[in-house]
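I opened my notebook to look at how the pieces of this protein hold on to each other. Here are my entries, one topic at a time.

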Amino acid sequence: MEERAVCIHGHFYQPSRENPWLGEVGMQRSAAPYHDWNERVTAECYAPNTAARILNADGLIEEIVNTYARISFTAAPTLLSWLARHRQEVYEAILAADRESQERHAGHGSAIACCYNHVIMPLTTRRDKRTQVVWGVRDFVERFGRRPEGMWLPETAVDLETLDLMAEAGIRFTILAPHQAARVREIGTATWTEVTDDNVDTTMPYLCRLPSGRRISVFFYNAGISQEVAFGDLLSSGERFAERLVEAFSAGGGRSELVHIATDGETYGHHHKFGDMALAYCLRSLESHQNVNLTVYGAYLASHPPTHEVIVREETSWSCPHGIERWRRDCGCNSGAHPTWSQAWRGPLREAIVMVRDTIAPRSDEALTGILDDPVAARDDAISLVLDNWSDEGVEAFISRHAAGNLSAEERQHLLALLEMERQALLMQTSCGWFFDDIAEPGSVQVIRHAKRAIDLARQALGLDLEPAFVEILRRAASNNPRHTTGAEVYATRVRPRVFDPPRIAVGVALYALFGLDHPATTSGMYAIQEEWPYRLNASDRRRIMGRVHLRSRATGEAGIYDTAALFDGLDRLILGVNDPCDYEAIREALAGPEPAWTIPAGFSRIYTSADLSDEERWAIANDMTPTIEEAVCGVYLDESTLIRTLKELGIPLPGAAVHLLAHARSRYLAAIFDEGCQDPDRFMAVAKDLETLNAAPDIPYLAAVAGRRIEESIRAAAARPDDPAPLEEIPRIVGCARLLALPLDLWESQNICIGLRRHHTEMCERAGRGNAGAKRWVEAYRRAAVCLGVCVVCGVREE
């Protein structure tokens, strides 16, 4: 039966941004006001697509759509692992979307796998290609509970060896750009047709026969519409988006056709604001279309097996017209932000990474052969250590499965160090290292950091010192950044000083403990840490801590005990010391003495000052100390409030400093009213009017955050107490007060909860209709609250 089907694919991906030593993503200044780019893109794209809004004619939210359940999407391991730890609700919504899509499409899910950490596959070895595929499949199975049918090739960079390894792993299809097809023919015929000018028919799957005798199917996406979505203005209208897809079907018909596109998933919300909403509207339009079916690749392939076959153009990709040169030389491709910059640095960076990879691989294989029964099988299975976050139980189970006999403690540590070295050697090949414009940019610095970690572990586990050769090659990588002449300088200034070996981690633990914070090495789970702090001082003008830190790396087995001290008199007056266990009492006496902080007691082998702190450490301390600024300002206001009040009463103009103090105090007073649920809107209005009279600006971001938080608390309380109208009745008061100051409220989560109450609203309407006065009050309160939140209450959640 002839079918007209549409599939929209989003490649959702973020690279590994974790600190290679600590396992957590550090603070990234360029992502402000967010902590890092993972957090920012999640807020702008990944979370909104779990509940994308569709508005009615009045601009109210009529429906929310989990777009992941209706499109095809890449399940990139490095992104999903971060979401699982930091945005559990988004992660679970993505997994739920795949389960929902399986129900829609006879067991075929919307998620497809991805090579593990986005390596340009034709540029790596067969050994690493195998690991990328095997780990990508294992990661997918662990998360989604099923075998993947498809696999995304990073940057769609393709070669036959990679396709063969994918087919060997059970992968049935992949997705490529149309220019990556070289020749096509109908199965069973002898004549090949050359593909020129991207003239391949993209509305059908193709069979690709592989040298081993295996086969894999290939879908070539519609490049024109994909370009319009990614780089044009097609997402300005969800309706037009849907129309454009339908227009792509052949006018005459005669056979089944699949119109499908592929773009970065971040297109829908991050690259294009409200792109998630345009996608949601497009999907609803397509679902309501009489002659079009929304599908996913696995379902379409099952019902429409290939009738044609293809020979692919090897060493090509979707984002470089020169093949895969963007990731190994200056081919002319760049981001467009710096068109005059040279990318000649790409060649030396690739050479340096390859040198590390190809030097450690045979030595690692040799070392593992003496420890493991089957090093290849163990390497394949090493992803289990990562997925289990190197738990003691997981490490023990892995060793019992693969060790060639009982291992001593030293042999266990050696094995773990080798495996972690191998993982870092994979991460250092991540494609983002070469994609952008300069070697000093974050993507390149990150792969160099992974290389540094692999180099250090090679020194520890294999006795190899690759650092001099690595730096020498980087010396030929000229930077466009005037602060960094070459890649060697980038390494010296942005990588080497930020190495977190055990003593550096131990002293960081002391710093975080001084402020009552958990160190990233603890929160990531990569380290088991025990702390002993026999000496603490938290005076108003200075803080001191001294004690012992027991460290054990779960990833490498390395362990140590360190005595540490931290002395803090301000962000610019900070001293940290660390040493192997030493004399507690001598150090304690020195710390308690009258000397200023910068005279750290002798006896520490390493000393660190404020200048040595990472951005993450500075951020953590500054974030923790922010309330002290609040307390200081409030203290000044309290001290001078009588004078300020007297000046106001006498009509004497307030000096600028006094106006700022008054604005701060009034903002805190308004925040307190919000926190009470705005029980007295008139009081709020009077204070706001007072600020206006004084021409004093309230703290808008602070008040918006407080109001938004209180609204969310109220709607959550309404969901928890479904018959109590009181929490709902607070919301119009809070929103009304917020509007007086034009506060930019973040209502996303509150709207989601409000929409989740629609079914209960229906039940309460029925009870109200039977004369229940309490239900009637609840219904009225819900409707007023919903309108204030921008939610339509007439239309219910669509039943599937």
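**Entry 1: two helices.** I started with α17 and α18, which pack at an angle of about 125 degrees, their axes 6 Å apart. I noted that this is a predicted model. Is the pair parallel, perpendicular or oblique? Angles over 145 degrees would count as roughly antiparallel, and 65 to 115 as roughly perpendicular. The angle here therefore makes α17 oblique to α18.

Next I listed who touches whom. From α17 come E467, F470, V471 and L474. From α18 come G487, A488 and Y491. I sorted the contact by class: five nonpolar residues, one polar and one charged.

**Entry 2: E467 again.** Which residue does E467 bridge to? R496 is the partner, and the closest N and O atoms of this salt bridge are 2.9 Å apart. E467 sits in helix α17 (residues 467–474), while R496 lies in the loop between α18 (487–495) and α19 (502–514), so the bridge ties together parts that are 29 residues apart in sequence.

Are these two buried or exposed? E467 is buried, at 9% relative accessible area. I used the cut-off here: buried means under 20%. R496 is partly exposed, at 46%.

I then checked for shared partners. Salt bridges join K452, D456, R459, D465, E467 and R496 into one network.

**Entry 3: other salt bridges.** How many salt bridges does the structure hold? I wrote down 70. A reminder to myself: side chains of opposite charge can pair when their charged atoms come close.

I looked up R554 and D392, whose side chains meet at 3.4 Å, N to O. R554 is in the loop between β16 (543–553) and β17 (559–568), and D392 is in helix α13 (residues 392–402), so this pair links parts that are 162 residues apart in sequence. R554 is partly exposed at 21% relative accessibility. D392 is partly exposed too, at 39%.

Then I took D675 and R709. Their closest N and O atoms are 3.4 Å apart, in a salt bridge. Here both ends are in helices: D675 in α23 (residues 656–675) and R709 in α25 (residues 700–720), so the bridge ties together parts that are 34 residues apart in sequence. D675 is partly exposed at 37%. R709 is partly exposed at 40%.

**Entry 4: a sheet.** I moved on to strands. Strands of a sheet pair through backbone hydrogen bonds, either parallel or antiparallel. Which way does this sheet pair? The pairing is antiparallel, in an open sheet of five strands with the order β15-β16-β17-β18-β19.

Which strands stand at the edges? They are β15 (527–538) and β19 (606–609). Each has a single partner strand, so one side of each is left without a neighbour in the sheet. The twist averages 20 degrees from one strand to the next.

I zoomed in on β16 and β17. They run antiparallel and are joined by ten bridges. For M546, the bridge partner in β17 is A565.

Conventions:
Residues numbered from 1 in each chain as written. Predicted model: local features only at pLDDT ≥ 70, side-chain atom pairs only at ≥ 80, totals over all residues. Heavy atoms only, no water. Salt bridge = Lys/Arg side-chain N within 4 Å of Asp/Glu carboxyl O. Helix = DSSP H or I, 4+ residues; strand = E, 2+ residues; numbered from the N terminus. Buried < 20%, exposed > 50% of the residue type's maximum accessible area, 1.4 Å probe, protein only. Axes fitted to C-alpha atoms, helices over the stretch in contact; angles between N-to-C directions. Parallel < 35°, antiparallel > 145°, perpendicular 65-115°, else oblique. Contact = heavy atoms within 4.5 Å. Nonpolar A, V, L, I, M, F, W, Y, C, P; charged D, E, K, R; others polar. Pairing = 2+ DSSP bridges.
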